[in-house]
Amino acid sequence: MMADHDDSCNELETSYCMNGGTCLKIPFMDTLTCVCSENYKGSRCELDQLLITAHDAGETELIAAVVIIFLLLVWKAKPKNQQKNSEQQYWRVEPRD
């Protein structure tokens with residue numbers, strides 16, 4: 001994506017951009033800039049951009065609700081005496097010989 005106000009970098013400046021980015025010189029600002037390849041971002045294309053699939057907000061809320069309900073059911077299914085025994089055993093510490 002080269003515009004009229006950009007010039008290509010010279011041979012010494014081409015290594016300015018990383019990961020296959022295209023180096024461009026902005027003459028009126030006397031600075032270099034990069035146009036990054038598809039999976040990179042950053043001022044010098046130094047950051048690997050992970051591909052993330054965006055989910056519908058409703059779908060995300062539904063998944064969260066199902067997980068919460070599942071955890072509540074598992075917690076409720078645990079016998080009461082087992083919950084108390086695990087708490088009592090935690091505090092019962094015996095000295096080593």
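1. Cys23 is buried, at 8% relative accessibility; buried here means under 20% relative accessible area, exposed means over 50%, and partly exposed lies in between (1.4 Å probe, protein chains only). The model is a predicted one, in which local features need pLDDT of at least 70 and side-chain atom pairs count only at pLDDT 80 or more, while totals for chains, interfaces and linings use all residues. Residues are numbered from 1 along each chain as its sequence is written, and side-chain values use heavy atoms, with hydrogens and water left out.

2. Cys23 is joined by a disulfide to Cys9, with an S to S distance of 1.9 Å; a disulfide is taken as a pair of cysteine sulfur atoms within 2.5 Å. The link connects distant parts of the chain, with Cys9 in the loop between β1 and β2 and Cys23 in strand β2, 14 residues apart. Strands here are DSSP runs (E, at least two residues), as are helices (H or I, at least four), and both are numbered from the N terminus. The torsion about the S-S bond of Cys9 and Cys23 is -70°, a left-handed link. Cys9 is likewise buried, with a relative accessible area of 13%.

3. A disulfide also joins Cys17 to Cys34, S to S 2.0 Å. Because Cys17 lies in the loop between β1 and β2 and Cys34 in strand β3, this pair ties together parts that are 17 residues apart in sequence. The torsion about its S-S bond is about -100°, so the disulfide of Cys17 and Cys34 is left-handed. Cys17 is buried at 9% relative accessibility, and Cys34 is buried at 13%.

4. Cys36 and Cys45 form a disulfide with their sulfur atoms 2.2 Å apart. With a torsion of about -95° about the S-S bond, the link of Cys36 and Cys45 is left-handed. Cys36 is partly exposed at 24% relative accessibility, whereas Cys45 is buried with a relative accessible area of 0%.

5. The largest nonpolar core has six residues: Cys9, Cys17, Cys23, Leu32, Cys34 and Cys45. Such a core is a set of buried Ala, Val, Leu, Ile, Met, Phe, Trp, Tyr and Cys residues joined through side-chain atoms within 4.5 Å. Leaving aside neighbours within four places in sequence, Cys34 is in contact with Tyr16, Cys17, Thr22, Ser43, Arg44 and Cys45, where contact means heavy atoms within 4.5 Å.

6. Three strands form an open sheet in the order β1-β2-β3, with antiparallel pairing. Strands β1 (7-8) and β3 (31-35) stand at the edges, each with a single partner strand, so one side of each is left without a neighbour in the sheet. Two strands are counted as paired if DSSP finds at least two bridges between them. Strand β2 (residues 22-26) pairs with β3 over five bridges in the antiparallel sense.

7. Within that pairing, the bridge partner of Lys25 is Leu32 in β3, and the bridge partner of Ile26 is Thr31 in β3. Strands β2 and β3 form a hairpin with four residues between them, and Asp30 in the turn has a positive phi of about 55°. The covered face of β3 carries Leu32 and Cys34, and its uncovered face carries Thr31, Thr33 and Val35.

8. One salt bridge is found in a search of the whole structure, the criterion being a side-chain nitrogen of Lys or Arg within 4 Å of a carboxyl oxygen of Asp or Glu. Lys25 forms a salt bridge with Glu13, and the closest N and O atoms are 3.2 Å apart. Since Lys25 lies in strand β2 and Glu13 in the loop between β1 and β2, the pair ties together parts that are 12 residues apart in sequence. Lys25 is partly exposed at 24% relative accessibility.

9. Asn39 lies in the loop between β3 and β4 (40-41). At 31% relative accessibility, Asn39 is partly exposed. Asn39 and Gln49 are 10 residues apart in sequence and 5.2 Å apart in space, C-alpha to C-alpha.

10. UniProt lists residues 57-75 as "transmembrane region" in an unreviewed entry; its positions are given in the numbering used here, feature names are shortened, and annotations may be inferred rather than shown by experiment. In the model, the span of residues 57-75 is 100% helix and 0% strand, with its end C-alpha atoms 27 Å apart.
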